[in-house]
Amino acid sequence: MTDAVYKGGDAPRASVRRDIGIKKRYAAEQRFRMYGIIAIAIGIFFLAALLWSVISNGYTAFWQTSINLDVTFAENIIDPDNERASDPNTLLTANYPKLATDALAAKLGVDPENRRLVREVGGLISNGVRTQLRDMVIADPSIIGTTQNVWVLASGDVDSALKGQVNLEVEESRRKVSDQQLEWMRVMEADGVLEQRFNTGLFTRGASSRPETAGMGVAIVGSLYMMLIVLLLALPIGVAASIYLEEFAPQNKLTDLIEVNINNLAAVPSIVFGLLGLAVFINFMHLPRSASLVGGLVLTLMTLPTIIIATRAALRAVPPSIRSAALGLGASRTQTVFHHVLPLAAPGILTGTIIGLAQALGETAPLLLIGMVAFVADYPTTPLDPATALPVQIYMWANEAERAFVERTSGAIIVLLLFLAVMNITAIILRRRVERRW
Amino acid sequence: MAWGLLLTIIVFIGVVGYVLGSARAKKQIASSAEKPHSRAHYHGWWVFLLAVLPAVFFMAAWSAGSYAYVDRAISERMPEQTADSAIASRSLALGMVRNLAAGMRRLETDPAIAEVPESFEELRPVLAERGVALASDTQDYMIPIAAELNAMQDNAAWIGTVIAILLSLGGAVLGLRSVRPRGRARNNVERIITLGLLAASTIAILTTVGIVFSMLFETIHFFRSVSLSNFFFGTVWDPRFAAAGAEAQEGQFGLIPLLAGTIYIAFVAMLFAVPVGLMAAIYMAEYASKRVRSVVKPLLEVLAGIPTIVYGFFALVTVGPFLRDMSAAIAGGPGFIQAQSVLTAGLVMGIMLIPFVSSLSDDIITAVPRAMRDGSLGLGATRSETIKRVILPAALPGIVGALLLTASRAIGETMIVVLAAGVAANLTLNPFEAMTTITVKIVNQLTGDLEFTSPQTLVAFALGMTLFVLTLGMNVFALYIVRKYREQYE
């Protein structure tokens with residue numbers, strides 16, 4: 001049969017289009033698009049959730065409850081036996097908290113003989129008052145016998161209660177702030193004696209087991225030391241290595257080996273660098289544990305690949321015509337690179353370095369292994385002294401059980417994120433403004 | 001003499017050499033009819049390098065060598081270690097001597113001390129007054145040895161200093177004498193610079209070698225006291241920080257529960273991050289307008305810039321409690337999800353990985369040639385069909401490479417799991433329970449007081465080695481795939 005014969009029946013009309021499932025396909029197209037939007041929404045939602053969680057928990061950390069007191073530096077309490085001229089320890093070990101408690105009890109009209117009430121009054125004041133008043137007296141012993149107006153820190157429990165972080169509905173025996181203390185807080189707040197003031201201690205103090213006196217000053221100094229070491233070591237070494245690989249390296253096995261190594265080091269887990277630091281710098285070279293020098297060295301090794309990769313990209317972006325022109329005018333290769341290529345690549349190198357530094361600033365794991373999880377209350381004066389770093393301080397506070405530490409931790413995270421934001425924004429501005437497009 | 005001062009002197013000699021050298025070259029160039037080869041300051045630099053480099057290298061070698069020499073000499077003077085020695089081990093005793101020597105050094109410059117006391121009883125309070133703490137079981141016989149140690153070190157330092165300065169002066173003189181107009185000073189200087197650049201780039205190799213050797217060394221140490229099968233095939237992790245004297249208790253160092261936890265958590269993280277990241281990348285590469293892209297891409301990249309400790313804290317105080325409370329609300333009783341669980345850690349790690357997946361895949365999808373897209377669209381395929389049938393298959397090897405890189409990051413991630421996964425080494429399939437990972441255990445074993453001889457500490461290096469080999473294998477494989485794929489379109 002060669003002729004196809006139309007046997008009748010319903011003839012397909014030209015005006016009706018053959019169904020090729022176009023509707024279904026368009027629906028599928030819409031769905032697919034939707035998935036993409038949902039995926040992006042999920043990503044942004046979690047970013048928002050993370051930032052919201054940190055900020056809502058942490059913004060209160062920048063204010064700390066303080067109490068205004070007229071403290072009488074009574075001689076019979078500080079130096080009852082009048083020995084301070086002969087025994088220098090008298091002023092160091094005097095019962096300073098009692099001064100503050102007495103002052104507050106007088107202000108609240110509490111009978112100084114009622115021991116139970118006086119103890120509750122004392123509970124309102126942070127133990128940090130001891131060092132605060134002691135430092136005042138040691139700085140100026142002539143204030144003994146006078147009355148001074150000072151702001152002292154309230155205890156961490158009072159601070160949490162005032163910020164509404166403690167559930168006050170629960171039974172009195174099951175919370176740390178008693179009804180009597182709450183009553184006093186209300187009275188003092190109405191009188192303007194109790195007040196939330198900007199928390200400078202958060203930025204200046206060192207480690208402490210009490211939330212109200214814990215600060216990240218030591219950690220910030222430690223982090224700054226480490227950033228300085230990373231900058232001083234990683235930038236020159238990274239730039240030198242990149243120049244060699246981009247401008248001088250012959251195509252040989254050694255060059256290949258170096259390239260493979262750099263690419264792999266960029267992907268090695270950071271904790272492995274911590275093990276390296278522990279084994280080489282501390283165990284083999286006997287550098288001190290917990291020192292910012294060791295931390296800086298470890299972070300340098302970790303940051304080098306990032307800086308090298310960014311620098312190489314910046315060098316590659318300088319057009320070959322610049323090199324040809326310099327070489328054509330009789331410059332040597334070294335002169336070409338150092339007088340012409342490097343200055344033109346400098347903004348790109350700087351951008352990469354800032355990003356590498358930001359990465360190093362947020363790194364925690366390797367620092368834990370070289371012993372930077374230490375309780376350091378004093379400022380390090382040299383990079384060889386024990387110190388902590390900002391992210392490590394966050395880790396240590398995150399492990400504390402008290403509610404007030406959650407607030408501190410989030411506050412520290414806000415500070416860390418601000419540092420990182422400033423660095424990254426600087427890098428972006430540099431890239432937009434200074435970097436030349438060829 | 002302190003090394004810092006010596007270095008300053010050497011650099012000073014170098015600077016003087018630079019000034020004299022360039023002045024001499026300038027004079028010669030001005031007076032001679034010959035065409036000079038190098039400009040005057042290159043001659044100066046060459047003198048500087050000759051004066052500084054050999055001396056500095058000598059200094060480094062001398063200080064390392066003399067340290068080793070003095071160490072050995074002192075070690076020979078120590079009494080033989082016997083069973084009833086007061087100090088448990090020889091290295092401990094050596095450490096005490098070193099500590100003592102460092103303390104006695106402070107007394108040398110002290111005008112108040114005419115003679116160093118000979119017994120430890122007398123010496124201790126004197127040193128304590130100057131802020132030097134000594135081990136309480138330091139022995140009397142150590143004091144003369146410590147004094148001798150100091151004397152030997154002084155001698156070595158003194159000889160080294162003289163030789164270094166002579167070397168530096170000699171180099172400067174040699175350099176100055178070699179200045180002549182046709183001298184190839186620039187080539188010499190540039191050769192040194194190139195060598196310096198090469199040295200800088202070999203640091204990458206040195207780091208890798210350092211990682212491998214340091215871990216290999218300690219790992220071998222570890223396997224001297226724990227059998228291979230205990231580590232690789234053991235299913236129980238119980239290292240037992242044994243108290244002194246309780247040697248009968250040997251810990252269990254089973255890798256399997258840790259490895260299982262690591263892989264499980266990484267798997268959950270990838271399960272979350274891959275669809276989200278990949279779809280986000282596809283949308284941004286193929287659908288999003290330039291304006292949307294310029295807003296969304298940086299926003300997602302912010303996720304990559306947030307330190308992992310912040311994610312860990314987020315998991316600890318927000319995600320974990322939220323999941324626990326939610327499961328409690330569903331179950332109507334105690335929740336079936338623990339606050340620290342595989343799910344919590346995996347979910348939060350997944351959030352962290354989204355930007356890695358999306359930006360790596362974005363690059364790969366954009367690298368697929370325009371012609372393939374246009375061909376498919378021209379044949380009447382919709383955009384999603386083009387993506388599914390043409391672009392993704394073309395980009396697949398690259399995407400697989402990207403996912404491998406992401407997975408290796410998930411395996412090596414530490415801070416999130418330290419805070420969110422728990423420390424109990426369970427072997428379970430229930431994602432709602434806590435498991436632990438290799439990285440958590442490395443941190444656990446190495447924080448706090450530690451001695452470098454116990455298997456409890458050394459196991460961290462064996463774990464680190466495992467982690468390193470694991471991630472290295474994945475990275476090498478991933479880079480291989482990515483590189484092979486790139487060659488197709490170039």
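Trainee: Among contacts in chain A between residues at least 6 apart in sequence, what percentage join residues at least 24 apart? With that as background, please go closely through the open sheet of chain A: in what order do its strands lie?

Mentor: The share is 76% among contacts in chain A between residues at least 6 apart in sequence, a contact being two residues whose C-beta atoms, placed from the backbone, lie within 7 Å. Residues are numbered from 1 along each chain as its sequence is written, and chains are lettered from A and ligands numbered from 1 in the order in which they are written.

Chain A has a mean pLDDT of 86, with 95% of its residues at 70 or more; pLDDT is the predictor's confidence in each residue, on a scale from 0 to 100. Within chain A, the lowest confidence falls in helix α3 (residues 89-93), with a mean of 77, and the highest in helix α14 (residues 320-328), with 94. Where pLDDT is low, the predicted coordinates should not be read in detail.

Now the sheet. Chain A contains 18 helices and 3 strands; these are DSSP runs numbered from the N terminus, with helices being H or I of at least four residues and strands E of at least two. The 3 strands make an open, antiparallel sheet in the order β2-β1-β3, where two strands pair if DSSP finds at least two bridges between them. In chain A, β2 (147-153) and β3 (194-198) each have a single partner strand and stand at the edges, so one side of each lacks a neighbour in the sheet. On average, neighbouring strands of this sheet are turned by 40° against each other, direction ignored.

The bridges can be followed from β1 of chain A. Strand β1 (residues 63-72) is joined to β3(A) by 5 bridges and to β2(A) by 7 bridges; the pairing is antiparallel with β3(A) and with β2(A). A:Ile67 has a bridge partner in β3(A), A:Leu194, and another in β2(A), A:Val152. A:Trp63 is partnered in β3(A) by A:Phe198.

Helix α4 (residues 96-108) of chain A packs on this sheet and touches β1 and β2 of chain A; its direction makes about 90° with that of β1(A). Such angles run from 0 to 180 degrees between N-to-C directions, with axes fitted as lines to C-alpha atoms, for helices over the stretch in contact.

Along the principal axes, the C-alpha atoms of chain A fill a box of roughly 125 × 85 × 40 Å. Of its 438 residues, 43% count as buried, meaning 20 or more other C-beta atoms within 10 Å of a residue's own; 12 or fewer is exposed, in between is partly exposed, and the C-beta atoms are placed from the backbone.

One buried position is A:Ala387, with 31 C-beta neighbours inside 10 Å. A:Ala387 sits in the loop between α16 (365-369) and α17 (390-398) of chain A. Leaving aside neighbours within four places in sequence, its contacts include A:Val218, A:Tyr225, A:Ser290 and A:Met372.

Chain A also meets chain B: 66 residues of chain A are in contact with 67 of chain B. Helix α1 (residues 22-58) of chain A gives the largest share of the chain A side, 19 residues. That side divides into 48 nonpolar, 15 polar and 3 charged residues; Ala, Val, Leu, Ile, Met, Phe, Trp, Tyr, Cys and Pro count as nonpolar, Asp, Glu, Lys and Arg as charged, and the others, Gly among them, as polar.

Chain B itself has 16 helices and 2 strands, and 40% of its 490 residues are buried. In helix α15 (residues 438-446) of chain B, 8 of the 9 residues are buried, among them B:Ile438, B:Lys441 and B:Leu446. B:Glu301, in helix α9 (residues 290-305) of chain B, is partly exposed, with 14 other C-beta atoms within 10 Å.

Notes. This is a predicted model: local features need pLDDT of at least 70, side-chain atom pairs count only at pLDDT 80 or more; totals for chains, interfaces and linings use all residues.
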